[in-house]
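This report goes through some features of one structure, starting with a strand and ending with rings and charges. Please keep the sequence and the 3D view at hand while reading.

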Amino acid sequence: MSHAVPRAETRPFSVVDAVREAYAEEYMAAVRRLLFADDDPGVQRALKRLAEKNGFELVPVLAGADVYQAVLESRPDLIVLDIQFPDADGRDVLSRLKADARISNIPVVVWSGRDPQSDRRIALDLGAEDYVEKRDPSTLLPKIERVLLRLRDAG
């Protein structure tokens with residue numbers, strides 16, 4: 001008589017899963033705060049669900065003009081910054097963030113749907129730690145995790 005062994009539910013293993021496994025106690029124990037600057041409320045809602053599911057507190061900012069003050073008030077662990085806002089140029093916002101010694105050490109990942117080659121180069125030249133194309137949002141959370149790990153290991 002054979003006994004069937006129940007199969008565990010499986011899902012693809014991701015970079016986020018690897019980070020959790022490797023640094024579960026020391027790294028994932030603390031809630032990390034993300035400031036997410038994007039003018040699309042639908043994108044904000046979707047990222048909020050994803051971020052909270054993965055141990056982040058999300059500080060949403062819908063207007064480019066509000067990013068600087070929101071960073072000063074919330075002191076996030078990382079900023080995800082869109083390049084294009086109706087009221088501001090994200091490159092100017094990034095320059096201002098990196099020019100202020102009180103907050104210049106907060107890592108910024110630029111998130112853009114415009115010209116990836118040009119925007120990536122400009123963002124990195126202005127001090128961003130990484131760049132994610134909006135057309136591939138599945139890479140955003142793994143990039144955030146890698147940036148935070150890289151900075152943690154360097155510091």
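This is a predicted model: local features need pLDDT of at least 70, side-chain atom pairs count only at pLDDT 80 or more; totals for chains, interfaces and linings use all residues.

Strand E5 covers residues 130–133. Strand E5 pairs with E4 in the parallel sense, over four bridges. In one of the pairings between these strands, Val109 has Asp130 of E5 as its bridge partner.

## Asp130

Why does Asp130 count as buried? Asp130 has a relative accessibility of 17%, and the limit for buried is under 20%, so this residue falls in that class. The side chain of Asp130 makes a polar contact with the side chain of Lys143, at 3.3 Å. Leaving out residues up to four places away in sequence, Asp130 touches Val108, Val109, Val110, Arg120, Leu124, Lys143 and Val147.

## The nonpolar cores

The largest nonpolar core has 23 residues. Leu35, Val67, Val71, Ile79, Leu81, Leu97 and Val110 have the most contacts inside this core. Two or more residues come from each of E1, strand E2 (56–61), helix H3 (67–74), strand E3 (78–82), helix H4 (90–99) and E4. Helix H3 gives the largest share, five residues.

Leu97 touches Val67, Tyr68, Val71, Ile79, Ile103 and Ser104, when residues up to four places away in sequence are not counted. Another core, of 16 residues, lies apart from the largest one; among its members are Leu47, Ala51, Trp111 and Leu140.

## Helix H3

How many residues of H3 are buried? Six of its eight residues are, so the helix is mostly covered. The buried residues are Val67, Tyr68, Ala70, Val71, Leu72 and Ser74, and they pack against E1, E2, E3 and H4. Just after H3, Arg75 takes a positive phi of about 45 degrees.

## Asp100

Asp100 is in the loop between H4 and E4. Is Asp100 buried or exposed? Asp100 is buried, because its relative accessible area is 11% and the limit is under 20%.

The side chain of Asp100 makes polar contacts with two side chains: that of Tyr68 at 2.4 Å and that of Arg102 at 2.7 Å. Apart from neighbours within four places in sequence, Asp100 is in contact with Tyr68 and Leu72. Both Tyr68 and Leu72 are among the buried residues of H3.

## Rings and charges

A search of the whole structure finds one aromatic pair. Phe36 and Trp111 form this pair, with 5.8 Å centre to centre and 65 degrees between the planes, which makes the arrangement edge-to-face. The pair links distant parts of the chain: Phe36 is in strand E1 (residues 32–37) and Trp111 is in strand E4 (residues 108–112), 75 residues apart. Phe36 and Trp111 are both buried.

Two arginines lie over the faces of rings. Arg32 is placed over Phe56, at 4.0 Å from the ring centre. Arg96 is placed over Tyr68, at 3.6 Å from the ring centre. Tyr68 is also the residue whose side chain makes a polar contact with that of Asp100.

Methods:
Residues are numbered from 1 along each chain as its sequence is written. Side-chain values use heavy atoms; hydrogens and water are left out. Rings of Phe, Tyr and Trp (its six-membered ring) pair if their centres lie within 6.5 Å; planes under 30 degrees apart count as stacked, over 60 as edge-to-face and the rest as tilted. Buried means under 20% relative accessible area, exposed over 50%, partly exposed in between (1.4 Å probe, protein chains only). A charge sits over a ring if NZ of Lys or CZ of Arg is within 6 Å of the ring centre and within 35 degrees of the ring normal. A polar contact is a pair of N or O atoms within 3.5 Å; within protein, one must be able to donate a hydrogen and the other to accept it, and residues adjacent in sequence count only if both atoms are side-chain atoms. Contact means heavy atoms within 4.5 Å. A nonpolar core is a set of buried Ala, Val, Leu, Ile, Met, Phe, Trp, Tyr and Cys residues joined through side-chain atoms within 4.5 Å. Two strands pair if DSSP finds at least two bridges between them.
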